[in-house]
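This briefing covers pockets, salt bridges and strand pairing in the structure shown below.

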Amino acid sequence: MVSRREFVQGAAGLVAASATTQLLGQAEMDAKPVTSYPDGRPVALLRLNATDAGPILKHGMGPNQCDYLGAREAICFRYGDTYYLHYDGAGPKGWLACLATSRDLKKWKLHGPVLDLGAPGTDDSGTATSPWTVFDGQWWHMYYVGCRTTTPPPNRIPSVPYFTLTARSMHPYGPWEKQTEVVPFHTQPGTYYADTASPGQVVKQGDEYLMFFSAAAFHEEASQKKVLRRTLSIARTKDLDGTWTVDAKPILPPEQQLENSALYYEPTIETWFLFANHIGLDASGEYTDSIWVYWSKDLTKWDAENRATVLDRTNCRWAVKCIGMPSVVQVGKRLAIFYDAPAQTPGHMKRDVGLAWLDLPLRIPS
């Protein structure tokens, strides 16, 4: 494990967040909920408003410049009295999964990358990021994103197609050993996951594991322009060291334009809540504009009409335009929502990890 560095967010962090807000300008301060998109993609008019706490982990704080170009896609889980937060650090080699740990969600120890790039030509030669973990009672299994191509240095932004790869460890800290001989599942031409089949949260149901993965495929429109349609789907297995079977249809229509989801079960109303990153659109193109939530009594059946906005620029004022991937962890009587956003300029780079809260128990928006 690389050397550790501790980042403490206190009054200085809050002052920095306030200063960023002052620099956004009146247009950003007057941000209003989106009621339509240029291409007619669905909007979420209901709201389940989270209370934003601002950035908790800023890029450039990790060891050996591992995240000097950005820290994003924060995936947090708790084991014992420790919170483990994996995030994508954009560093000298490219984007790699990095680890931060905390006991209180305020003070974080930054450990640096837990994965390395694969050999040239392999499915993770471009990136090894965004890992979701699950414990089977003996082994910790990690499912992470791989790709073969990126944009040029220094940013090295990963490019589709995205794949699901796996590693395992005896401890949530690692070290992680890649299982290169195992292919959980892969992109398939002619399907709704032709260009993206990247991992998501794993939930055990009976003797079966369900993974809520991100899927996407390019579609050619009448204008002969190719559009990437994104959605969420389920892959299934009974063996975490084996292959997974992908459902024939996604759980939500690709027109919803979603990726990167996280689940929470509310026992008081016996309802599942699925938080997802929504892809918006404006004159400059597509971007991650908000976190949406869907709800269902059945973990495998979801109604696209049951949706609401949780976090966007109306209740996350430090974010400059973009709000990225959610993960959720229950903390006492609140639900912590981890996400990423840029505080300086919009885009893929120079993002920080933020935290927002929802009070429990959750209630269905009306």
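**Pockets, salt bridges and an open sheet**

The lining of the largest pocket divides by class into 15 nonpolar, 12 polar and 9 charged residues. The model is predicted, and its largest pocket holds about 800 Å³ of space. The structure also contains 18 salt bridges.

**Largest pocket**

- The lining of the largest pocket is made up of 36 residues.
- Nearest the centre of the largest pocket lie Arg 72, Tyr 162, Arg 230, Glu 259 and His 348.
- At least two lining residues of the largest pocket come from each of β3 (71-79), β7 (127-135), β10 (158-159), β13 (196-198), β15, β16, β18 (258-266) and β20.

**Second largest pocket**

- A volume of about 500 Å³ is computed for the second largest pocket.
- The second largest pocket has 20 lining residues, and those nearest its centre are Cys 76, Phe 77, Arg 78, Thr 133 and Gln 201.
- β3, β7, β14 (202-205), β18 and β22 each contribute at least two residues to the lining of the second largest pocket.
- The most is given by β3, which supplies 5 residues to the lining of the second largest pocket.
- By class, the lining of the second largest pocket comprises 15 nonpolar, 4 polar and 1 charged residues.

**Salt bridge between Arg 41 and Glu 286**

- Side chains of opposite charge can pair when their charged atoms come close.
- Arg 41 and Glu 286 form a salt bridge in which the closest N and O atoms are 2.8 Å apart.
- Because Arg 41 lies in the loop between α2 (26-29) and β2 while Glu 286 belongs to strand β20 (residues 285-296), the pair ties together parts that are 245 residues apart in sequence.
- Arg 41 counts as buried because its relative accessibility is 6%, under the cut-off of 20%.
- Glu 286, with a relative accessible area of 33%, is partly exposed.

**Further salt bridges and a network**

- A salt bridge joins the side chains of Asp 241 and Arg 168, with an N to O distance of 3.4 Å.
- This pair links distant parts of the chain, 73 residues apart: Asp 241 is in the loop between β16 (226-237) and β17 (245-246), and Arg 168 is in strand β11 (residues 163-169).
- Asp 241 is partly exposed at a relative accessible area of 29%, and Arg 168 counts as partly exposed at 23% relative accessibility.
- Arg 236 forms a salt bridge with Glu 208, and their closest N and O atoms are 3.5 Å apart.
- Here the partners are 28 residues apart, with Arg 236 in strand β16 and Glu 208 in strand β15 (residues 208-220).
- Arg 236 counts as partly exposed, at 22% relative accessibility.
- One network, built from salt bridges that share partners, joins Asp 39, Arg 41, Arg 230, Glu 259 and Glu 286.
- Arg 230 and Glu 259 of this network are also among the residues nearest the centre of the largest pocket.

**Open sheet**

- Four strands form an open sheet in the order β2-β24-β23-β22, with antiparallel pairing.
- The edge strands, β2 (51-57) and β22 (327-331), each pair on one side only.
- Neighbouring strands of this sheet are turned against each other by 30 degrees on average, direction ignored.
- Strands β23 (residues 334-342) and β24 (residues 351-359) pair in the antiparallel sense over 9 bridges.
- Ile 337 stands opposite Ala 356 in β24.
- The edge strand β22 also supplies at least two residues of the lining of the second largest pocket.

Methods
Residues numbered from 1 in each chain as written. Predicted model: local features only at pLDDT ≥ 70, side-chain atom pairs only at ≥ 80, totals over all residues. Heavy atoms only, no water. Pairing = 2+ DSSP bridges. Axes fitted to C-alpha atoms, helices over the stretch in contact; angles between N-to-C directions. Salt bridge = Lys/Arg side-chain N within 4 Å of Asp/Glu carboxyl O. Buried < 20%, exposed > 50% of the residue type's maximum accessible area, 1.4 Å probe, protein only. 1 Å grid on protein atoms, 1.4 Å probe; cavity = no way out; pocket = protein on both sides within 12 Å on 5 of 7 lines; lining within 4 Å. Points joined across faces, edges and corners; volume = space filled by probe spheres on them. Nonpolar A, V, L, I, M, F, W, Y, C, P; charged D, E, K, R; others polar.
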